[in-house]
Amino acid sequence: MKESLKRIVESARFNTFITVLILINALLVGLETYPAIADNYGSWLLVLDIIILAFFTLEILAKLFVYRTKFFGNAWNNFDFLIVVGSLILYNSSFISVLRIFRVLRVLRTVSTIPSLRRVVTALFMAIPTITSVILLMSIIFYVYAVIGTFFYADIEPEYFGDLGLSLISLFQIFTLESWASGIFRPVFAAEPWSWLYFISFIIVSTFLMINLIVGEIVNNAQKISDEIDKETAELEGIKEDTSEIEGLRKEVSELKSMIQTLVDRK
C-alpha cells in the first residue's frame, strides 16, 4: 500500500491536480475581495474553500505516511505543512485576519509544485549573500550622494534636500525613476545647470549598475541549478543504460545456462 501511495504522490497527474487546486484557491480568495460576490455567494465560496483545504490536508497526510520523518527534510514540504496546519488551526478561531493571511499564502504553494518556480526561488536564496553586499554598497552610495545633495541643493530645493533624511527619500524616488525629472531634477537644474552630473551619475550607478549586479547573480545561480539538474539527469540516464546492459548480460548468461543444460541432457 505504501509503495502504491508513493507512486500516486510522486506522479505528474497528482502534482498537476494539486496545482489546479492551488490556482482555484487563489481565484476564490480573489473573488472574496468583491463585496457583491462575497455577499451573494459567500456560503458557496466557504464550502469550496473547505473542500480545497480538505484535499490539501489529505495530501500532507499522504506524504507524511509515505516519507515519515524524511518529509521534514525538505524545506518546501515544511512550508506546505506550515500553511496547511496553520489554516486548520485557525479556521474556526477569532483570528480572522491571520486566517486570511494563511489562505492567501496557499497561493505560494504553486512555487513548491512547479519545478521551474522552485529553481528560480532557490537561485534567489542562493544570491542572498551577494544581494546583501550589493545593498550595503548601495547604502554607502545613497549616503554619499545624500550628503552631497544636502550640501549643494538644500537652499535651492529645501523640500527635497533640506536635510539628510529628505535627501535620502528624494534619492530613493530618483532610484525608482518615479517622476524624478519633473518633480526633483528640473527645478534644481534650472537653478544649477551642472546638477545634471549629480543626478545622471547617481541613476547610472545605483539603478543600472547595482540592479544589474543583483539580476546577474540570480541568473548565474539559476544557470548553476540548471546545470546540476542536467548533470543529475545525465547520471540517471547512465545508470539506466548500465542497468539495461546488466539485464542483457543476465539474459545471455541465462541462455548459456540453458544451452549447457541441454548439452548435458543429451549426453
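Guide: A polar contact is a pair of N or O atoms within 3.5 Å, one able to donate a hydrogen and the other to accept it. The model before you is predicted.

Visitor: What makes the pair formed by the side chains of S167 and T150 a polar contact?

Guide: The side chain of S167 lies 2.6 Å from that of T150 in this contact. The limit is 3.5 Å, so the pair qualifies as a polar contact. A polar atom of the S167 side chain also lies 3.0 Å from the backbone oxygen of D163.

Visitor: Why is S167 called buried?

Guide: Buried means under 20% relative accessible area. S167 has a relative accessibility of 0%, and therefore counts as buried. The residue belongs to helix α10. Leaving aside residues up to four places away in sequence, S167 touches A146, G149, T150, Y160 and F161.

Visitor: Is V111 buried or exposed, and how do you know?

Guide: V111 has a relative accessibility of 15%. The cut-off for buried is under 20%, so V111 is buried. This residue sits in helix α6, which covers residues 109-113. Beyond residues up to four places away in sequence, its contacts are W76, L117, R118 and V121. The C-alpha atom of V111 is 9.5 Å from that of T19, although 92 residues separate the two along the chain.

Visitor: Why is V144 called partly exposed?

Guide: Its relative accessible area is 39%. Buried requires under 20% and exposed requires over 50%, so V144 falls in between and is partly exposed. V144 is located in helix α8.

Visitor: Why are E59 and K63 separated by about one helical turn?

Guide: They are 4 residues apart in helix α3, which spans residues 35-67, and that spacing is why the separation is about one turn.

Visitor: Which residues are called a transmembrane region, and on what basis?

Guide: The term comes from an unreviewed UniProt entry, whose annotation covers residues 12-31, 43-67, 79-102, 122-148 and 196-215. Such annotations may be inferred rather than shown by experiment. In the model, residues 12-31 are 100% helix, with end C-alpha atoms 29 Å apart. Residues 43-67 are also 100% helix, and their end C-alpha atoms are 36 Å apart.

Visitor: How many helices and strands does the protein have?

Guide: The protein has 12 helices and 0 strands. Of its 267 residues, 28% are buried. Its accessible surface is about 17,700 Å², and carbon and sulfur atoms account for 68% of that.

Technical notes: Residues numbered from 1 in each chain as written. Predicted model: local features only at pLDDT ≥ 70, side-chain atom pairs only at ≥ 80, totals over all residues. Heavy atoms only, no water. Helix = DSSP H or I, 4+ residues; strand = E, 2+ residues; numbered from the N terminus. Buried < 20%, exposed > 50% of the residue type's maximum accessible area, 1.4 Å probe, protein only. Contact = heavy atoms within 4.5 Å. Areas by Shrake-Rupley, 256 points an atom, 1.4 Å probe, with all protein chains shown as cover.
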